[in-house]
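Biologist: Could you walk me through this model before I start on the figures?
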There are 2 protein chains.
Amino acid sequence: MFRSITCGDLRISHIESEVVLSGWVHKVRNKGFVVWVDLRDRYGLTQLVFDQDRTSKILLEKASSLGRETVIKIKGKVIERASKNPNIPTGDIEVLVTDLDVLNESILPPFTIDDDTDGGEDIRMKYRYLDIRRKPVRDNLIFRHKVTMEVRNYLSNQGFIEVETPYLIKSTPEGARDFLVPSRMNEGQFYALPQSPQTFKQLLMVGGMDKYFQIVKCFRDEDLRADRQPEFTQIDCEMAFVEQEDILKTFEGLTKHLLKEIRGVDSGDFPRMTYDEALRLYGNDKPDIRFGMQFAELNSVCQHKDFNVFNSAELVVGIAVPGGASYTRKEIDKLIDWVKRPQVGAKGMVYVKCNEDGTYKSSVDKFYDQEDLAKWAKATNAEKGDLICVLSGNINETRAQLSALRMELAERLGLRKSNEFAPLWVVDFPLLELDEETNTYHAMHHPFTSPKQGQMELLQTNPGEVKANAYDLVLNGNEIGGGSIRIHDKQIQATMFKHLGFTPEEAKAQFGFLMDAFQYGAPPHGGIAFGLDRLVAILGGQETIRDFIAFPKNNSGRDVMIDAPSPINNEQLKELHLKLDL
Amino acid sequence: MFRSITCGDLRISHIESEVVLSGWVHKVRNKGFVVWVDLRDRYGLTQLVFDQDRTSKILLEKASSLGRETVIKIKGKVIERASKNPNIPTGDIEVLVTDLDVLNESILPPFTIDDDTDGGEDIRMKYRYLDIRRKPVRDNLIFRHKVTMEVRNYLSNQGFIEVETPYLIKSTPEGARDFLVPSRMNEGQFYALPQSPQTFKQLLMVGGMDKYFQIVKCFRDEDLRADRQPEFTQIDCEMAFVEQEDILKTFEGLTKHLLKEIRGVDSGDFPRMTYDEALRLYGNDKPDIRFGMQFAELNSVCQHKDFNVFNSAELVVGIAVPGGASYTRKEIDKLIDWVKRPQVGAKGMVYVKCNEDGTYKSSVDKFYDQEDLAKWAKATNAEKGDLICVLSGNINETRAQLSALRMELAERLGLRKSNEFAPLWVVDFPLLELDEETNTYHAMHHPFTSPKQGQMELLQTNPGEVKANAYDLVLNGNEIGGGSIRIHDKQIQATMFKHLGFTPEEAKAQFGFLMDAFQYGAPPHGGIAFGLDRLVAILGGQETIRDFIAFPKNNSGRDVMIDAPSPINNEQLKELHLKLDL
């Protein structure tokens, strides 16, 4: 037997009992006549004590020579500590050791295995198995498990069935790039790894499964931006015989349940906002509404003077920064530099200080008098002591720039609180998105998304204006889920493929099985998919999804721990009927 | 709203209520003045009624023209049926329809969508989404969901943490073939899909995670035998600070829980048997012990006469077939033909009829007298009326042949009852297996399995004799789980790789990260993996795992529904730095 109890369990009530513990040597303090060892396992730390009065000399010496991270098993008696440690649950006791077995030695770890570590990201990833010994990483993985258990039990209790869909599927060249898997048995042919189980879940609806979910790995061979992973996990869901409202209600229920069970937060009904409104008020289709600082469009109150920058702009838009009037000239100059960084891209920024005495001081006093500026203040809801920041230019870029500034200022002002949760439904997304490079439209959500009722004609005349039955669930400025009501009519689906530039032959080759399926009585259906990695990170009050993935890949898609991908041998290549073409 | 209640819910207590139902037209019976429609959804069937007295003419006509599998939504009033149908839960009522919307039409399905279908396997797989509409298939998928929920909740309650391990890993050329995934970003390099998360779960133990599980897809690019799938699902588990006994207890607990919760079966403590014993008594390392017919080795009672077939045989072994003495000469000849089939491979079979009058009649009466045969009967526990079947030859082949015969006879005798469950632990597996073609040893379980204590020396002298801390859980003649205590000592692992024919360089290239990890204090650990597809099929009282997989592949590894794998275009190939080599 390796242990009778774990290193996190012993309390004052265990005093006098004999215990067996196993774990890692976390720390050794050697005072010569007494040696304390902190023993660590998944559940906590327990202090072991060896001393010259009560411990054999051999054992004392053995204890004093223990190195960090050595794996040991001990037997001993639980005793009360002379000086208690209120910072850990086992701080009232220690174990007076009578037997000590070294189960495995350890060489010196490449970084300190402690809550705060001296190891940088790269070295911690290379030795991820040591990183996982650290409590914060381990706690994140346990937290993730807790979230997935809650998701599964909640959905299962609502009648959802988890169905496993295949991983070796068919390549569909549109959208993001597929990871491909050469088939040995079918020469010259390839499987693809799923970017999502989209078509399979729709086929399950055609099959009458009605309420489906799956927590499932998905794969995208994209050039990786920071904090994207080539393999990621989705909570994938689909329902039949539902309208958009049914889906929003169901998954609002799930999200409320998670916030309550996982974070103890009671959230009321989630607010809803159209895509157009989100862009107008926050410059962004995933607004963080933990704080205000809504956009105010100022064209009507500022385009009547001689300030040509504004007069020639498609959009003039501002926000009020709480307490910003106290910024020094230098601080404001720095803010202007910040918005002019290439990552943000503004050409400049106009500002108005709303002084405590009710007067205004702006960077455009030459063009605007106090009365004008009072109108800006009214529009932006600026109060005395606030700073109004105004950007201008074409609509899309200016909104994106002001959105970036809003987020940056909120961060600086401490308004993005990790223990506050502000969910939001964004609805009525456009059906299509214009690719400005090729001047063609592609599906904003995916080609199976249904247009809003009565908008099929608009598809011919003004495709960019067509709204879809598509929705995102936003939490604290992150899209945590997105979905749509699907097309279930074969003819509409064919029309959609045509609008997306598929020839009938291409549509048939790639999605023939789905079009076929729609001939046999496809029910109305729709669904949603949550990005689990992101959801867990946000529920955990953190930003980086890598911290919630046991074995993540780096930005080049490499697993630096196992050193993958790696070259394969010629025999393997030959079996796959392939040659390298470097 | 598409429905106020489902097609499985309405009872006599709902009479007079107004309901909305949606579903598929299962069957239409048209008597002219009255039309009955069976409406089907995931939850059941409800009878709709339209008649000339209570239904508008237009509606009656519309109903009479409904084709099978049309998707409709109806509104109506629940009324009591004149002639009740006790075979379905909704058989007491019907719904008098007042509104009928056709939501989607269906062309004629390629096979009948009913419990019994006229569709063969191939056509059902091509139109799997229609097959899933059939209750038996749907019920299997729901059953699978129920099993996985039970597994997850049980293990989670026991302190196990589900951790997702990566799917894009490193290729390890030993063992079964990997599916490979070319990397676009890392030219000429490949990921592999995991055959199991074996090394990752061991690294999680090194990382202190202690109790891990995962229900996870695994991949093997093997030539597919019947009822094998290139992608399959495992319940993968690992524990640290445990001995074999801890693991057997924990997963016996899980299996008992499943038998109880899923099938209502109380199973006592699972019997255990060594690998050697299983081979001796059943000729098989996964014996079906729902029935007896144990092997009796007859060398000592039959190798003293002039029957050279037996005298020259390494093994003479028999079983008693209950009631087999009544087989006619023709039936016995057919049995002999059966064992001589190439799939079984016996050269012949000796039999003894144990007559009701206490005499014996054998096919070798020339060589053996009644007294001899009585000894055979005693050894095989044959009773009056039984038939003793005896095979002979070299040990391994003869055991395998008699095992095949035992299973065949049990099947014919109805002894393999699908609602009986006989679990069994088989322990003390050999560490190594001789590959007779190459005359080299390879790991029977995998290269991380630890030899039994004190047997390291045997590795040098008699490797085939070394037993491992390895165990299988067998249920009704199927291996449903297998595992081992792992090596956690770097030196022993290195020795093992050497014995398996790895050069130090090869071992380092493939498993360097694991060997590295073992330097930093690896705890004693071990685990088990269950084949979920098989487990679910057996718990469901069925044989074919394909029936419990939503979208299975055929024996050539093809998904005939989506037509994968398939050719890819040259651009895709080029991006992956590959050329076809056909």
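This is a predicted model: local features need pLDDT of at least 70, side-chain atom pairs count only at pLDDT 80 or more; totals for chains, interfaces and linings use all residues.

Biologist: What volume does the largest cavity have?
Modeller: The largest cavity has a volume of about 510 Å³, and 38 residues line it, with A:E164, A:Y167, A:Q214, A:I215 and B:I215 lying nearest its centre.

Biologist: And which elements give two or more residues to that lining?
Modeller: From chain A they are α4 (135-157) and β9 (211-219), and from chain B they are α4, β9 (211-219) and β10 (231-240). The largest share of the lining of the largest cavity is that of α4(B), which gives five residues.

Biologist: How does the lining of the largest cavity divide by class?
Modeller: The lining of the largest cavity has 16 nonpolar, nine polar and 13 charged residues.

Biologist: OK, how much space lies in the second largest cavity?
Modeller: The second largest cavity holds about 120 Å³ of space, and its lining is made of 18 residues, of which A:K217, A:I549, A:A550, A:F551 and B:E164 lie nearest the centre. The elements that give two or more residues to this lining are α4 and β10 (231-240) of chain A, and the largest share, three residues, comes from β10(A).

Biologist: And by class, what is the lining of the second largest cavity?
Modeller: By class, the lining of the second largest cavity has nine nonpolar, two polar and seven charged residues.

Biologist: Switching to helices: at what angle do α4 and α6 of chain B pack?
Modeller: In chain B, helix α4 (residues 135-157) and helix α6 (residues 244-263) pack at an angle of about 140°, and their axes are 10 Å apart. That angle makes α4(B) oblique to α6(B).

Biologist: Is the crossing of α4(B) and α6(B) left-handed or right-handed?
Modeller: The crossing of α4(B) and α6(B) is right-handed.

Biologist: Which residues of those two helices meet?
Modeller: On the α4(B) side they are B:F143, B:K146, B:V147, B:E150, B:V151, B:Y154 and B:L155, and these meet B:T250, B:F251, B:G253, B:L254, B:H257, B:L258, B:E261 and B:I262 in α6(B). Taken by class, the contact of α4(B) with α6(B) has nine nonpolar, three polar and three charged residues.

Biologist: And in chain A, how do α4(A) and α6(A) pack?
Modeller: α4(A) and helix α6 (residues 244-263) of chain A pack at an angle of about 140°, with axes 10 Å apart, which makes α4(A) oblique to α6(A). The crossing of α4(A) and α6(A) is right-handed. Among the residues that meet are A:F143, A:K146 and A:V147 in α4(A) and A:T250, A:F251 and A:G253 in α6(A), and the contact divides into nine nonpolar, three polar and three charged residues.

Biologist: What about α10 and α12 of chain A, at what angle do they cross?
Modeller: The axes of helix α10 (residues 329-340) and helix α12 (residues 395-412) of chain A come within 10 Å and cross at roughly 135°, and α10(A) and α12(A) are therefore oblique to each other. α10(A) passes α12(A) in a right-handed crossing.

Biologist: Which residues meet there?
Modeller: A:L335, A:W338 and A:V339 in α10(A) meet A:A404, A:L405, A:E408, A:L409 and A:R412 in α12(A). By class, the contact of α10(A) with α12(A) has six nonpolar, no polar and two charged residues.

Biologist: Now the backbone: which residues of chain A does a cis peptide bond join?
Modeller: A cis peptide bond joins A:A564 and A:P565, with omega about 0°, and A:P565 has its place in the loop between α16 (532-539) and α17 (570-575) of chain A. In chain B a cis peptide bond joins B:A564 and B:P565, with omega about 0°, and B:P565 is in the loop between α16 (532-539) and α17 (570-575) of chain B.

Biologist: Last one: what is the phi of A:E16?
Modeller: A:E16 has a positive phi of about 85° although it is not a glycine, and A:E16 is found in the segment before β1 (18-30) of chain A. For context, most residues other than glycine have a negative phi, and most peptide bonds are trans.

Conventions. Residues are numbered from 1 along each chain as its sequence is written. Chains are lettered from A and ligands numbered from 1 in the order in which they are written. Side-chain values use heavy atoms; hydrogens and water are left out. Axes are lines fitted to C-alpha atoms, for helices over the stretch in contact, and angles run from 0 to 180 degrees between N-to-C directions. Helices (H or I, at least four residues) and strands (E, at least two) are DSSP runs, numbered from the N terminus. Angles under 35 degrees count as roughly parallel, over 145 as roughly antiparallel, 65 to 115 as roughly perpendicular and the rest as oblique. A crossing is left-handed if the near helix is turned anticlockwise from the far one by less than a right angle, and right-handed if clockwise. Contact means heavy atoms within 4.5 Å. Ala, Val, Leu, Ile, Met, Phe, Trp, Tyr, Cys and Pro count as nonpolar, Asp, Glu, Lys and Arg as charged, and the others, Gly among them, as polar. On a 1 Å grid over the protein atoms alone, a cavity is a set of points where a 1.4 Å probe fits but cannot get out, and a pocket is an open set with protein on both sides within 12 Å along at least five of seven lines; lining residues have an atom within 4 Å of a point. Grid points are joined across faces, edges and corners, and a volume is the space filled by probe spheres set on the points.
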